[in-house]
Amino acid sequence: MAEIRVENLRKAFHDFVAVQDSTFTVDDGTFFVMLGPSGCGKTTTLRMIAGLELPTSGRILLDGEDVTFRRAAERDIAFVFQLFALYPHMNVAENIGFPLKCEAMARSEIRSQVAEAAKLLRIEHLLKRKVSNLSGGDRQRVALGRAIVRRPKAFLMDEPLGALDAELRRDMSEELRDLHDRIRATTVYVTHDQLEAMSMADRIAVMNHGVVEQIGAPQDIYDLPATMFVADFVGSPPMNFIRLQGRLQPNDISVRLDGANVAVPASREASSSEELVLGVRPEHVSFSDASRIRGRVFGAEYLGTTQIVTVDTERGQIKARLPSFTQVRPGETVGLAFKSDALVVFDGATGRAMRSVLHEGARHG
Amino acid sequence: MADVALQRVGKRFGDVEAVRDLSLDIKAGEFVVLLGPTGAGKTTTLRLVAGLERPDSGTISIDGRDVTREPPAARNVAFVFQQYSLYPHLSVFDNLAFPLRAPSRRLPEAEINKRVREIAELLRISGKLDNRATRLSGGEMQRVAIGRALVRRPAIYLMDEPLSSLDAKLRADLRLELKRIQLDLGATVLYVTHDHIEAMTMASRIGVIRDGRLMQVGSPREIYESPNDLYVATRLGSPQINLIPADLVPGAAPRGAKTIGVRTEHLEITKPNGGPIGKVHRVEHLGDQNHVHIEYRGQTLVTLADPHRPLSPGQEVGLALVEPLFFDAEGRRVRLAAE
């Protein structure tokens, strides 16, 4: 079990800065997900924690101990690559026990450790089987077994489910999380899939261009994104952005939009420019005949429980998530209302969310 | 645009019956989606309509005319493949104009120009008409590939997973665009996919296909709300429909029902109130909703809940079924007398 601390970590490859000055702590037992598009620096950060890459500057602490310049093998961390790599000529038990055999552990000890790992993964019945005959899911479980059998202080995983098809991916992500709930080992998990991050993480770090834009619990990141990048990257469909001219002062409780006052959560700071961006999640948009914000229905996408309705307005397309029983006709004119206590206002110049009364109630910073 | 009809069409490849006794009517202006996993026979069906395969049995007619024995060129269909294949040495304009310049068509250049510009406008690639096809992003290339089918006015457009090679965001955008263009043109489309979101969001009607057999045809709402069979019920919806053995909920199921199908809409989470009790196993955050995993008598039920509703692992909750679906031992739907 371990706490991982990253301090002012920076990595440059010649002129290209992959990771800029990151600082964060992964608490003991946390499932921590690094989320971002390709090239954002998430894998480089993970590889530095693993010891596969040396930082240009900064420190990495494992349980308070500086391991920045320690070799990967001396860090007691298990790095899980794409999970498929198994030894085809060995059976399941031999595959799982292999890392222990390399450490010259006694045979009886290996047997009991393998049995315990297999039990955690619920694959005891497969121990004697050849790996070549296993289903995709079972192969993943065996590969995981090989990672947990060493009982490392922490697990690092780089898109371990990336190669799987959608359905298996969903099943395995649930199983991985279940496994984490059973063994509670500190885990740092890298993905570009926001839904995977949201559903698996205790905490998420959202990265872009080598910078950690926000760290928080999944629901807080979703409800109170720190930047427009985070708001756009997390959520499907993403947050609607409505650009408007105006300023916001501390304690302001509305913004002007198309001649109407739109109530927003009381602001706690002043904006830096003449442009604001109103951020509205699709499920916080509703139809209201009384509203002065008008638009034309562009299309409706039925999803079973809900539907996504796209409305063309003078300020661009706005997407609303409505119950699927709401009748919607393409081409009709509708008024749009926003759930005022869930709105986020961004400073148009910086793209950063302005602090509001909502931030005071947040569970995590 | 025209009606297209398949009547009792069959096709086998060696030992494999790819398409079995399949009948389907597509009306002019309809967007019909065939939904099924790899190997279900959906692409073969599309190729049969295109004339790229000959059926072993049955007939295919377009606009009332039997075309079963006709070659592809005589059928007046346009095909969009999964992988876009553009002419790399031609501009976007010339790629789009290519089908119209076929010697057999003899369209005047002014007409070609007009149609290409119209379609480019629809697909929002007007600004790129002079670009080389190779200088486009993946999404733009796929739009050009779709556009090359759309410049023609065939009886029917046949599309084989045209969005599957695109990333999630672009796919979502193009889904909406393609549907709008189809409505604007009044085009008849037969579209094949394994993605239930594409099927639900674009189709006028969905045909669920399995092992070469058409299991059910209906509007997305009909298929979602009123599946004829257990397999069809599992094809649409996220989270997937929960299937509970009927004997685990005494008194809930009618005679003959072996399985209860429970979608999110069919499950109410209440305070424990003397009825069935479940235990929250895990709460998954998706942002707009939570997926709540609930243990009930050895089964795990997954349902949606408001993200700010306080539910935590270990908590006991009451479960109430609200008009769930019932299926018999063969997976056929068991309807209540009132339905």
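**Contacts and helices, reasoned through**

Q: How many residues of chain B are in contact with chain A, and how many of chain A with chain B?
A: In this predicted model, 21 residues of chain B are in contact with 21 residues of chain A, where contact requires C-beta atoms, placed from the backbone, to lie within 7 Å.

Q: Which elements give two or more residues to the side of chain B that touches chain A, and which gives the most?
A: The elements of chain B that do so are helix H5 (168-185), helix H6 (196-202), helix H7 (220-225) and strand E14 (277-285). Of what chain B presents to chain A, H5(B) gives the most, with five residues. By class, the residues on this side of chain B are 10 nonpolar, five polar and six charged.

Q: Which residues of H5(B) are buried, and what do they pack against?
A: A residue is called buried if 20 or more other C-beta atoms lie within 10 Å of its own, and in H5(B) this holds for Ala172(B), Leu174(B), Arg175(B), Leu176(B), Leu178(B), Lys179(B) and Gln182(B). These buried residues pack against strand E16 (294-302) and strand E17 (306-313) of chain A, together with strand E3 (31-35), strand E8 (189-193) and H6 of chain B.

Q: Why is H2(A) called oblique to H3(A)?
A: Helix H2 (residues 92-102) and helix H3 (residues 107-121), both of chain A, pack at an angle of about 125°, with their axes 9 Å apart. Roughly perpendicular covers 65 to 115 degrees and roughly antiparallel begins over 145, so H2(A) is oblique to H3(A). The crossing of the two helices, H2(A) and H3(A), is right-handed.

Q: What makes the contact of H2(A) with H3(A)?
A: H2(A) contributes Ala93(A), Ile96(A), Gly97(A), Leu100(A) and Lys101(A), while H3(A) contributes Ile110(A), Gln113(A), Val114(A), Ala117(A) and Ala118(A). By class, this contact of H2(A) with H3(A) has seven nonpolar, two polar and one charged residues.

Q: What covers the buried residues of H2(A)?
A: The buried residues of H2(A) are Val92(A), Ala93(A), Asn95(A), Ile96(A), Gly97(A) and Leu100(A), and their cover includes H3 and helix H4 (136-148) of chain A.

Notes. Residues are numbered from 1 along each chain as its sequence is written. Chains are lettered from A and ligands numbered from 1 in the order in which they are written. This is a predicted model: local features need pLDDT of at least 70, side-chain atom pairs count only at pLDDT 80 or more; totals for chains, interfaces and linings use all residues. Axes are lines fitted to C-alpha atoms, for helices over the stretch in contact, and angles run from 0 to 180 degrees between N-to-C directions. Helices (H or I, at least four residues) and strands (E, at least two) are DSSP runs, numbered from the N terminus. Angles under 35 degrees count as roughly parallel, over 145 as roughly antiparallel, 65 to 115 as roughly perpendicular and the rest as oblique. A crossing is left-handed if the near helix is turned anticlockwise from the far one by less than a right angle, and right-handed if clockwise. Two residues are in contact if their C-beta atoms, placed from the backbone, lie within 7 Å. Ala, Val, Leu, Ile, Met, Phe, Trp, Tyr, Cys and Pro count as nonpolar, Asp, Glu, Lys and Arg as charged, and the others, Gly among them, as polar. A residue is buried if 20 or more other C-beta atoms lie within 10 Å of its own, exposed if 12 or fewer, and partly exposed in between; C-beta atoms are placed from the backbone.
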